[in-house]
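Here is a short briefing on a structure with chains in contact. Please look at the model first, then read the points by topic.

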Amino acid sequence: MQADISLSKRLTSSIGKKIVVALTGVFLSLFLIIHLMGNLQLLKNDGGEAFNHYAEFMGHNPLIQFVSKINFAFILGHAFWGIFLAFKNRAARPTLYAVNKPGANSRWASRNMALLGTIIFVFIAVHLSKFWFVFHYGDIPFAEYHDGVTGEFSRIKDYATVVDIGFEQLWIVIFYVASMFALAFHLSHGVQSAFQTLGLNNKEFAPTLRTIGTVFAYGICALFAIIPVLMYLNITL
Amino acid sequence: MKFNLKIWRQKNANAPGKLVDYKIDNVSEDMSLLEMMDVLNEDLVRKNEEPVAFDHDCREGICGMCSMYINGRAHGPVKASTTCQLYMRNFTDGETITIEPFRAAAFPVIRDLAVTRSAFDRIIAKGGFVSVSTGKAQDANNLPVPKEDADKAMDAAACIGCGACAAACPNASAMLFVSAKVAHLSLLPQGQVERKERALAMINQMDEEGFGSCTNIGACEAECPKEISLENIARLNREYIYATVAK
């Protein structure tokens, strides 16, 4: 048997490509949990203090900043490999069926990961320009806080107000919620798919994995989506 | 029963093809779809027309020759079935039935509904074998294999190489086929010698044949006449990762 197949060929083979997509996808899914924990602080009825401290920490901690660079690279890597995969797969069937019923044997989300991913990519671009870019480089007001325990005063950017103003615009709220639907569908296939791709699946474990993937996908996205809705309606917890 | 048929006609690999309408009457509900095709062809021959070329061999559901995509499904609408085991009673009287060849870049049409699946043979030639001498058939329990492994290997070995997985896959990926062969051999002691290279060699050949890449959609498992499980693909991925790291 001849297996003189170079490492780069192994990593760009049909399995190699999906392993890259799966590993970056797992990292991005974990990032979503962290991101969500930060966002949920926006719902606290404290004038944005908790969120502002959190955002200030995330924006200035060197370790977090390092991980965030990796995160950006992984978003691009995940997207490019995914699109690459989708184009190659399209080419594998040059003549389409005249009559085809893919709905009879598979889920819509699983067949449209590239489309859903593209929607999410557009969302991320808008999201970064509206929030991340403004947080980092925008001319935004400062808020002053007094820590009751240590007696320290702090003057930090009022990130929460930027978000608040953003979510007063209905179109942003609608765009955000719609994007979360796309993300939920994407993850509903992606999470369980990553386990399968990494070989961590069998017949006995598959139903549990499907449940974990589905709960994760819809749970995370529902929590993300509810924040702009509640902020638009001026409801705090 | 009577049916309106739309059948893909294509003179040879290079000629353009098209769906041609036929009407057929007096079809018994107990005929298989292939038997209905026989009746249609006899009719065409009587009318001095070219009969429809289609592949068939055993007509008992084990040869995997019948490369037909029927009404938008590989081997038609019945689960775990080949075309010879698809009976006309599964259709409604007067229904329009569209029959196309399996479609994939790696399965070129030879004529009408017949496609060549030599790509599968070339994938097998790259690693779907054992090269140790295993002697004659062993006495029972002479070669201990855990029951669970034996069962899983047997389930994987049920693959008949029909190509329905690649035909049904939106990516035209042959991953279920390759995974069945890799899983079957990797679970048994005889298959251990080439284990580190098998997955790499077979996947490399699969890619070179122009099959797409698996994205875990699962249409293959749903359409497989032998109900080969997706867990074999997870095993193939493990074998691939193992081979990449180990060698």
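In helix 3 of chain B, Lys152(B), Ala153(B), Ala156(B) and Ala157(B) meet Ala180(B), Ala183(B) and His184(B) of helix 5 of chain B. By class, the residues of this contact are five nonpolar, one polar and one charged. The model is a predicted one.

**Helix 3 and helix 5 of chain B**

- Helix 3 covers residues 147-157 of chain B, and helix 5 covers residues 175-186 of chain B.
- Their axes come within 8 Å and cross at roughly 150 degrees.
- Angles over 145 degrees count as roughly antiparallel, so helix 3 of chain B is roughly antiparallel to helix 5 of chain B.
- The crossing of these two helices of chain B is left-handed.

**The sheet of chain B**

- Five strands of chain B make an open sheet, in the order 2-1-5-3-4. The pairing is mixed.
- Strand 2 (18-24) and strand 4 (73-74) of chain B stand at the edges. Each has a single partner strand, so one side of each is left without a neighbour in the sheet.
- Helix 1 (residues 33-46) of chain B packs on the sheet. This helix touches strand 1 (3-9), strand 2 and strand 3 of chain B. Its direction makes about 85 degrees with that of strand 2 of chain B.
- Strand 1 of chain B runs parallel to strand 5 (residues 96-101) of chain B, and four bridges join them. In this pair, Lys6(B) has Thr98(B) of strand 5 as its bridge partner.
- Strand 3 and strand 5 of chain B run antiparallel and are joined by three bridges.
- Strand 3 (residues 68-70) of chain B also pairs with strand 4 of chain B, in the antiparallel sense, over two bridges.
- Which residues stand opposite Ile70(B)? In strand 5 of chain B it is Ile99(B), and in strand 4 of chain B it is Arg73(B).

**The two domains of chain B**

- Chain B is divided into domain 1 (3-111) and domain 2 (118-246).
- The C-alpha centres of the two domains of chain B lie 29 Å apart.
- Where the domains of chain B touch, 18 residues of domain 1 are in contact with 16 residues of domain 2.
- On the domain 1 side of this contact in chain B, the residues divide into ten nonpolar, six polar and two charged.

**The contact between chain A and chain B**

- Chain A gives 40 residues to the contact, and chain B gives 49 residues.
- Which elements of chain A give two or more residues to the side that touches chain B? They are helix 2 (14-40), helix 4 (62-91), helix 5 (108-111) and helix 8 (170-197) of chain A.
- That side of chain A holds 17 nonpolar, 15 polar and eight charged residues.

**Helix 6 and helix 7 of chain A**

- The axes of helix 6 (residues 113-137) and helix 7 (residues 159-166) of chain A come within 10 Å and cross at roughly 155 degrees.
- That angle makes helix 6 of chain A roughly antiparallel to helix 7 of chain A. The crossing is right-handed.
- Helix 6 of chain A brings Lys130(A), Phe131(A), Val134(A) and Phe135(A) to the contact. Helix 7 of chain A brings Tyr159(A), Val162(A), Val163(A) and Gly166(A).
- The residues of this contact in chain A divide into six nonpolar, one polar and one charged.

Notes:
Residues are numbered from 1 along each chain as its sequence is written. Chains are lettered from A and ligands numbered from 1 in the order in which they are written. This is a predicted model: local features need pLDDT of at least 70, side-chain atom pairs count only at pLDDT 80 or more; totals for chains, interfaces and linings use all residues. Two strands pair if DSSP finds at least two bridges between them. Two residues are in contact if their C-beta atoms, placed from the backbone, lie within 7 Å. Axes are lines fitted to C-alpha atoms, for helices over the stretch in contact, and angles run from 0 to 180 degrees between N-to-C directions. Ala, Val, Leu, Ile, Met, Phe, Trp, Tyr, Cys and Pro count as nonpolar, Asp, Glu, Lys and Arg as charged, and the others, Gly among them, as polar. Angles under 35 degrees count as roughly parallel, over 145 as roughly antiparallel, 65 to 115 as roughly perpendicular and the rest as oblique. A crossing is left-handed if the near helix is turned anticlockwise from the far one by less than a right angle, and right-handed if clockwise. Domain bounds come from an automatic or database domain assignment.
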